[in-house]
Structure formats: C-alpha cells, structure tokens
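Please open the model in a viewer and keep the selection tool at hand.

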Amino acid sequence: MATAGINLIIGLAFLFAPEVGWTPWPTPISPVLIRFIGAIIIGNGVGSFVAARQGTWEGARVLFTVALVYGAVVLLVVPIQMLLGESHGSIWIYVLVDALFLGPIAYVFWEYERSDTKDPPVGQVRRPSPP
C-alpha cells in the first residue's frame, strides 16, 4: 500500500506541476509531457493499490512485469544518453535508484514465476521445493 501511496502523490505532483510552476524534472519538458508522466505514475499507483488489496501474485504479476521491463530499459538507454552528454548530470541519481530497485524486482519476479504455486501471497517469496 505504501508504494501505491507514493506513486499517487508523485503522480499528482507531476499532474499539477504546470499550475504551481514546479519543474519536476532536471531538464525542461513541456507541460503536456509532465502531465503524461503524471498520468502514468498515477496509473501505476492505482494498479499497486488494486494488487495490494487483492493480495495475490496473479494480481501483482503485471505490475512486476512493467517494473522489470521499465527498469531494464532505463538501465540500458539512459546511461547511453548521459554518456553522449545529452542530459542533465543529476539523472545519474535516477539511474542509481533504478539499479538498486531492479535487482529485488527481478528476484521476486523470478522466484514467483518459477514457483510451483500459481497464486502465492504478495510480499512473500516462496522458495522452490527441493528436488
């Protein structure tokens, strides 16, 4: 539930940033793009809330897949952009945070997908049974 709340707060901050004159990104981006990013983050927040309430891996699977793909793509392409000098240096912090979260996300996804049970509880990694 905490993830859902964080996503909703950040998404709303992006959504209303143009009205309050806040720039939520280290480089200038258009108001429509800021709102687009906010809408995506709010969508993830609502999805996280629904998955947490459902309390099953089946409910969380899509969100973990999205996080895994997004995290891997960011980790691949953003450093290339940074090394070409086409972005603000503070984006390295974002890449570092992405890398820190990608490992646990990949681990949980891998464990649940390999699990014998199709529906283990969310938040509890089921260990594979011994051979």
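In this tour, one residue is said to cover or touch another when heavy atoms of the two lie within 4.5 Å. The coordinates shown are those of a predicted model.

**First selection: helix α2**

Select residues 31-54, which form α2. This helix has 24 residues and reaches 35 Å from its first C-alpha to its last, close to the 34 Å expected at 1.5 Å a residue. Next, colour Ile34, Gly38, Ile41, Ile42, Gly45, Ser48 and Ala51, which are buried residues of α2. An α-helix has 3.6 residues a turn, so residues three or four places apart point the same way. What lies over these buried positions? The cover of the buried residues of α2 includes α1 and α3. Proceed then to Gly55, which follows α2 and has a positive phi, near 70°.

Residues up to four places away in sequence being left aside, Ile37 touches Phe14 and Ile29.

Select Ala51, Trp57, Ala60, Val108, Phe109 and Tyr112, the 6 residues of the largest nonpolar core. Two or more residues of this core come from each of α3 and α4, and α4 provides the largest share, 3 residues. Apart from this core lies another, of 5 residues, including Val74, Val78, Ile91 and Val95. In soluble globular proteins, nonpolar side chains tend to be buried together.

Finally, display the largest pocket, whose volume is about 1,800 Å³. Which residues are the closest to its centre? Of the 47 residues in the lining, these are Asn7, Asn44, Ala67, Tyr70 and Tyr94. Show also α1 (2-20), α2 (31-54), α3 (57-83) and α4 (91-114), each of which supplies at least two residues of the lining. The largest share, 12 residues, comes from α3. Colouring the lining by residue class gives 35 nonpolar, 10 polar and 2 charged residues.

Conventions
Residues numbered from 1 in each chain as written. Predicted model: local features only at pLDDT ≥ 70, side-chain atom pairs only at ≥ 80, totals over all residues. Heavy atoms only, no water. 1 Å grid on protein atoms, 1.4 Å probe; cavity = no way out; pocket = protein on both sides within 12 Å on 5 of 7 lines; lining within 4 Å. Points joined across faces, edges and corners; volume = space filled by probe spheres on them. Helix = DSSP H or I, 4+ residues; strand = E, 2+ residues; numbered from the N terminus. Nonpolar A, V, L, I, M, F, W, Y, C, P; charged D, E, K, R; others polar. Core = buried A, V, L, I, M, F, W, Y, C linked by side-chain atoms within 4.5 Å. Buried < 20%, exposed > 50% of the residue type's maximum accessible area, 1.4 Å probe, protein only. Expected span 1.5 Å × (residues − 1).
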